[in-house]
Amino acid sequence: MPASAMTHNAKHPEQRLALYYAVLFATIGSVGPFFALWLNHKGIDAAMIGVIAAAPSVAMVMTTMHIGAWADRLADWRTAVLLSNWSIFLINCLLLVSNNAWFILVIWTLGGVLMMAKIPIMDAASLSLTNRRGTDYARVRVFGSVGFVLAVVTAGALFDRMGIQAFIWVLLVGCVARILASHALPQLRISDPVAETPTDSTTNDAGNSLFQPAILLTIAGSALINASHAFFYTFGMLQWSANGLSEFMSSLLWGSGVVAEIVLMWLFASVSKRVSARACLIIAGGAGILRWSITAQQPDLAWLFFSQLLHAATFGLLFLATANFISRRVSDSNAARGQAFSATLTTSCMAIATLLSGLFYESWGVAVYRAMAVLCLVGVLLVAASYRAGFVDRDPVGW
């Protein structure tokens, strides 16, 4: 690589990370909320939709720790991101071949596993880079939410105009955009992953630092609160459509929650100085109980918008608190594995909740949201129990 290119690549790495996050989550926002609508358009029933939506999460449980370990052995995490994006594009091209439900299940699972595995690698790399440079990870990651909300509203308008049959082409265009953005990423690692040795007992390897009862209870509680989004993520748009909302209005409704999430992420640095990570998780769980209890009542549009604003806590606050909680306890040599461990547990819970949502949607309908509120309650109780497990925080104030 020419010297000028290397210098350019070294400048403003946070901006390059922010660009990648924006593109990454824009590609998710342009298809994720509409996936069940597309499957329903293909004549696939709710139970099978639940299976297809959950399958990548089930497969991820068995693969992500191994992919994270592989990424940690690379000289630069950027290589793993590049390879996964190219692979996802090639895999998704196969969706042009057949509309058979079982074929879609296989292809969506293969691509979904790589997508899900890539996100904790990116989070580990970004946390490492911003911690090294003394910058704010939350203000980098927030651009992912900006990309998501812009994409979900744009896609909603597009599908309103062209029909949900345009789904595959939106998916593939997103894959290409993600490849281009990944090639613009900065160097994500400057140390030798083999030679690096943790020096602080509070930031030991994943095996020593994560498998403590209090930390496991905290991560498990976070995973359950996150899993409470399963019914909304899979059937939320389908339910709104059944209630007469257009794809565009539904996308505005969905996007309003992400706007609230963006505000929270932008202010997170000041919040984290005053509120501990575990307290943030308890707040997120309480917000989830309120959010899903409201949506279970099939409220009018105004109350739906209010419940969507709680997404700032149920996802934004939950995600940042969990990611920072882990990053302060795991060294760079195991960073991807540490985040992958949390992602694996989180995705396991999400997979089970998604499968159950698919099984009960036709008989329970919107009442499944009540079960999601129960998940939040159990998650809050697990985090609260971590305070009695003998763990003492040694991190700076707020963590």
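Visitor: Which residues have the most contacts inside the largest nonpolar core?
Guide: They are Phe34, Ile52 and Phe167, in a core of 104 residues. A nonpolar core here is a set of buried Ala, Val, Leu, Ile, Met, Phe, Trp, Tyr and Cys residues joined through side-chain atoms within 4.5 Å; buried means under 20% relative accessible area, exposed over 50%, and partly exposed in between, with a 1.4 Å probe and protein chains only.

Visitor: Which helix gives the largest share of this core?
Guide: Helix α6, residues 101–133, contributes that share with eleven residues; helices (H or I, at least four residues) and strands (E, at least two) are DSSP runs numbered from the N terminus. Apart from this core lies another, of seven residues, including Ala223 and Met350.

Visitor: What about Thr130, is that one buried or exposed?
Guide: Thr130, which has its place in helix α6, counts as buried because its relative accessible area is 0%. Not counting residues up to four places away in sequence, Thr130 touches Glu14, Thr135, Asp136, Tyr137 and Val140.

Visitor: Changing topic, how many salt bridges does the structure hold?
Guide: The structure holds two, a salt bridge being a side-chain nitrogen of Lys or Arg within 4 Å of a carboxyl oxygen of Asp or Glu. One joins Arg133 and Glu14, with the closest N and O atoms 2.6 Å apart, and this pair links distant parts of the chain, from helix α6 to helix α2 (residues 13–29), 119 residues apart. Arg133 is partly exposed at 45% relative accessible area, whereas Glu14 is buried at 14%. In the other, Arg139 meets Asp136 at 3.8 Å, N to O.

Visitor: And how many disulfides are there?
Guide: There are zero disulfides, meaning pairs of cysteine sulfur atoms within 2.5 Å. For Cys93, the nearest cysteine sulfur is that of Cys175, 7.3 Å away.

Visitor: Why is the pair of Tyr21 and Phe25 called stacked?
Guide: Their ring centres are 6.2 Å apart and their planes are at 15°, so the pair is stacked. Under the rule, rings of Phe, Tyr and Trp (its six-membered ring) pair if their centres lie within 6.5 Å, with planes under 30 degrees apart counting as stacked, over 60 as edge-to-face and the rest as tilted. Tyr21 and Phe25 both lie in helix α2, four residues apart, about one turn of the helix.

Visitor: Where is the pLDDT below 50?
Guide: One such stretch is residues 192–208, in a chain that averages a pLDDT of 84, with 85% of the residues scoring at least 70; pLDDT is the predictor's confidence in each residue, from 0 to 100. Residues 394–399 are also below 50. Where pLDDT is low, the predicted coordinates should not be read in detail.

Definitions and conventions
Residues numbered from 1 in each chain as written. Predicted model: local features only at pLDDT ≥ 70, side-chain atom pairs only at ≥ 80, totals over all residues. Heavy atoms only, no water. Contact = heavy atoms within 4.5 Å.
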